[in-house]
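Hi everyone, thanks for coming along. Please take a look at the sequence and the picture, and then I'll walk you through them.

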Amino acid sequence: DTAAIPYAKKEYDTIENDFLLAEEIIQYRKDKNYTQKELAQKIGTSQPAIARLESVSYNKVSLGFSGE
């Protein structure tokens with residue numbers, strides 16, 4: 001069904017963006033020699049939130065989240 005193609009493209013783009021974000025977070029953290037906990041403290045969130053972002057296993061976590 002060709003009607004599903006735009007939806008599939010949108011979903012693919014979303015997933016691709018999630019992976020790009022995770023890659024950027026990991027690279028930034030490595031460049032600064034931060035642990036997940038240190039990065040979390042610097043941006044005002046929790047270490048598990050950073051881990052979820054880096055693993056791309058989160059379900060649409062808002063970037064406006066705060067610590068636990």
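**A predicted model, step by step**

Let's start with confidence: the mean pLDDT of this protein is 80, and 76% of its residues reach 70 or more. In case the term is new to you, pLDDT is the predictor's confidence in each residue, from 0 to 100. Over residues 61–68 the pLDDT is below 50, although this stretch has 14 contacts in the model beyond near neighbours in sequence. Contact here means heavy atoms within 4.5 Å. Where pLDDT is low, the predicted coordinates should not be read in detail.

Two notes on how to read what follows. Residues are numbered from 1 along each chain as its sequence is written, and side-chain values use heavy atoms, with hydrogens and water left out. This is a predicted model, where local features need pLDDT of at least 70 and side-chain atom pairs count only at pLDDT 80 or more, while totals for chains, interfaces and linings use all residues.

Now the overall layout. The protein has 3 helices and 0 strands, and from the N terminus on the order is α-α-α. Helices (H or I, at least four residues) and strands (E, at least two) are DSSP runs, numbered from the N terminus.

How much of the protein is buried? Buried residues make up 22% of its 68 residues. Buried means under 20% relative accessible area, exposed means over 50%, and partly exposed is in between, with a 1.4 Å probe and protein chains only.

Let's look at helix 2. Gln 36, Leu 39 and Ala 40 are buried there. They cover an arc of only 100° around the axis, which puts them on the same side of helix 2. The arc is that of the directions from the helix axis to the C-beta atoms. On the other side of helix 2, Lys 37, Gln 41 and Lys 42 are exposed. Why does Lys 37 count as exposed? Because its relative accessibility is 52%. A handy thing to remember is that an α-helix has 3.6 residues a turn, so residues three or four places apart point the same way.

Helix 3 has its own buried set: Ala 49, Ile 50, Leu 53 and Glu 54. Seen down the axis, the buried residues of helix 3 fall within an arc of 130°, so they line one face of the helix.

Which residues make up the largest nonpolar core? The answer is Ile 25, Leu 39, Ala 40, Ile 50 and Leu 53, 5 residues in all. The elements giving two or more residues to this core are helix 2 and helix 3, the latter covering 47–55. A nonpolar core is a set of buried Ala, Val, Leu, Ile, Met, Phe, Trp, Tyr and Cys residues joined through side-chain atoms within 4.5 Å.

Let's stay with Glu 54 for a moment. Glu 54 is buried, with a relative accessible area of 12%. Leaving aside residues up to four places away in sequence, Glu 54 touches Ala 22, Ile 25, Ile 26, Arg 29 and Gln 36.

Next, some backbone angles. Most residues other than glycine have a negative phi, and most peptide bonds are trans. Asn 33 is not a glycine, yet has a positive phi of about 60°. You can find Asn 33 in the loop between helix 1 (4–32) and helix 2 (36–43), and Asn 33 is exposed, at a relative accessible area of 67%. Just after helix 2, Gly 44 takes a positive phi of about 80°. Helix 3 is followed by Val 56, whose phi is also positive, near 55°.

Last stop: how many aromatic pairs does a search of the whole structure find? It finds 1. The rings of Tyr 28 and Tyr 34 have their centres 6.3 Å apart and their planes at 65°, so the pair is edge-to-face. Rings of Phe, Tyr and Trp (its six-membered ring) pair if their centres lie within 6.5 Å; planes under 30 degrees apart count as stacked, over 60 as edge-to-face and the rest as tilted. Tyr 28 is partly exposed, with a relative accessible area of 39%.
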